[in-house]
Amino acid sequence: MIKVGIIGCGKITEVRHAPEYDDNKDCELVAFFDNMHERAELLAKQYGGVACDSVEQLLAMDLDAVSVCVANVAHAQISIQALNAGKHVLCEKPMAISVDECNAMIECASKNNKQLMIGQNQRFANAHVKAHELIKSGEIGDVISFRTTFGHPGPEGWTNDKNSWFFDKKLAKFGAMADLGVHKTDLIHYLLDDEVIEVSAKVVTLDKKFPDGSPITVDDNSMCLYTTKKGALGMMHASWTFYGEEDNSTIIYGTKGCIKCYSDPKYSLIVERRDQDVEYLELDVMTSNKEQTSGGRVNTFVIDSFIDALVNKTDVVISGKEASKAMRVVLAANKSSEINQAVKVEY
Ligand SMILES: NC(=O)c1ccc[n+]([C@@H]2O[C@H](COP(=O)([O-])OP(=O)(O)OC[C@H]3O[C@@H](n4cnc5c(N)ncnc54)[C@H](O)[C@@H]3O)[C@@H](O)[C@H]2O)c1
């Protein structure tokens with residue numbers, strides 16, 4: 001039985017980590033910590049286990065693994081602390097806030113011989129898994145271009161905090177680009193078995209404001225033009241200002257056809273082969289923030305995959321090294337916007 005502790009007991013823990021660990025028969029939730037102690041207490045009461053008074057107290061316990069679900073700026077420091085304490089780590093995205101931090105996490109996992117997984121859950125969505133399989137088998141030929149979008153009305157409707165850290169540069173460091181753009185960038189790497197090597201971007205704050213009317217200190221929209229190593233060209237839009245329905249769609253255009261993921265409310269995957277009938281697949285529905293915050297229970301398969309790797313002593317499927325590639329693109333996009341020029345991504 002894998003014994004698990006969770007650090008950070010906010011929304012993502014409430015709707016995903018805690019219930020998904022609880023549903024997994026190979027693990028047991030034994031400890032919780034949050035700066036807001038009452039949140040840890042609430043979860044300990046609901047799932048069993050101890051509400052700890054500090055990260056150190058939690059890490060001193062007999063645990064195999066830890067989920068790190070705190071504000072972005074603390075991901076690296078807490079993950080490193082946990083790895084050095086001999087725990088396997090599942091850290092939420094965005095992995096960290098700098099390349100140096102990503103490298104330090106990867107090195108620390110390797111030095112301690114522990115697994116480090118990053119919660120890039122888009123890789124587990126059914127239509128993405130199927131699209132990956134179809135692209136790999138050559139169903140749409142060589143990929144020419146793509147368009148990927150992740151937009152919703154913003155994190156205010158997601159967290160339980162009115163004055164959420166998501167808008168505060170000191171705690172979040174980045175806005176929509178690292179919150180949503182990192183998902184879609186990682187997804188492109190996965191779907192295409194490729195890497196973004198150059199980015200031209202506008203990473204901007206167009207609409208969101210603090211209660212006093214001043215603009216938030218992180219971006220609320222990011223539009224990026226990506227070039228990949230294999231030569232594909234694509235657009236990525238991450239937005240916190242889609243005030244209608246959430247958009248979580250990705251379209252890949254190849255020499256023999258095109259694949260559309262989550263672009264249609266009914267058919268999560270549409271395969272349009274050149275000069276052939278269109279194939280409509282009803283695999284699943286992408287769960288929106290709206291559904292999850294109104295009590296909808298989902299399984300993102302992130303936790304099952306993490307626990308599965310620990311039980312079977314295999315490598316996690318989304319390693320720190322793999323996820324850090326998307327973070328490098330996020331950082332390059334920020335740089336591109338800052339200097340108003342295309343930026344090469346350093347790997
Ligand atoms: N995979 C996904 O799709 C997804 C979705 C939402 C959030 N997230 C990520 O999960 C993380 C948490 O987000 P959330 O939505 O749960 O936010 P949240 O504000 O609801 O919860 C964060 C919790 O962490 C606590 N916290 C913050 N810094 C801490 C620290 N240094 N030590 C201890 N506790 C600390 C806060 O008190 C709060 O309870 C973020 O990094 C976010 O990007 C991932």
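Predicted model: local features only at pLDDT ≥ 70, side-chain atom pairs only at ≥ 80, totals over all residues.
**First stop: helix 1 and helix 10**

Begin by selecting residues 11-23, which form helix 1, together with residues 302-312, which form helix 10; the axes of these two helices come within 9 Å and cross at roughly 50 degrees. Angles from 65 to 115 degrees count as roughly perpendicular and those under 35 degrees as roughly parallel, and helix 1 and helix 10 are therefore oblique to each other. If you turn the view to follow the handedness, you will find that helix 1 passes helix 10 in a right-handed crossing. To see what makes the contact, show the side chains of His 17, Glu 20 and Tyr 21 on helix 1, and those of Val 302, Ile 303, Asp 304, Phe 306 and Ile 307 on helix 10. Coloured by residue class, the residues of this contact divide into five nonpolar, one polar and two charged.

**Second stop: Asp 186 and Arg 123**

The structure holds 18 salt bridges, and the next selection is one of them, in which the side chains of Asp 186 and Arg 123 meet with an N to O distance of 2.7 Å. Asp 186 belongs to helix 8 (residues 176-192), while Arg 123 sits in the loop between strand 6 (116-118) and helix 6 (126-136), so the pair ties together parts that are 63 residues apart in sequence. On a surface display, look for both partners with care: Asp 186 is buried, with a relative accessible area of 1%, and Arg 123 is likewise buried, at 9%.

Now extend the selection to Glu 195, Lys 229, Glu 322 and Lys 325, which are linked with Arg 123 and Asp 186 in a network of salt bridges.

**Last stop: Glu 272 and Lys 260**

Finally, select Glu 272 and Lys 260, which form a salt bridge with the closest N and O atoms 3.0 Å apart. This pair links distant parts of the chain, with Glu 272 in strand 13 (residues 269-273) and Lys 260 in strand 12 (residues 257-261), 12 residues apart. Glu 272 is partly exposed, its relative accessible area being 26%.

Technical notes:
Residues numbered from 1 in each chain as written. Heavy atoms only, no water. Axes fitted to C-alpha atoms, helices over the stretch in contact; angles between N-to-C directions. Helix = DSSP H or I, 4+ residues; strand = E, 2+ residues; numbered from the N terminus. Parallel < 35°, antiparallel > 145°, perpendicular 65-115°, else oblique. Left-handed = near helix turned anticlockwise from the far one by under 90°. Contact = heavy atoms within 4.5 Å. Nonpolar A, V, L, I, M, F, W, Y, C, P; charged D, E, K, R; others polar. Salt bridge = Lys/Arg side-chain N within 4 Å of Asp/Glu carboxyl O. Buried < 20%, exposed > 50% of the residue type's maximum accessible area, 1.4 Å probe, protein only.
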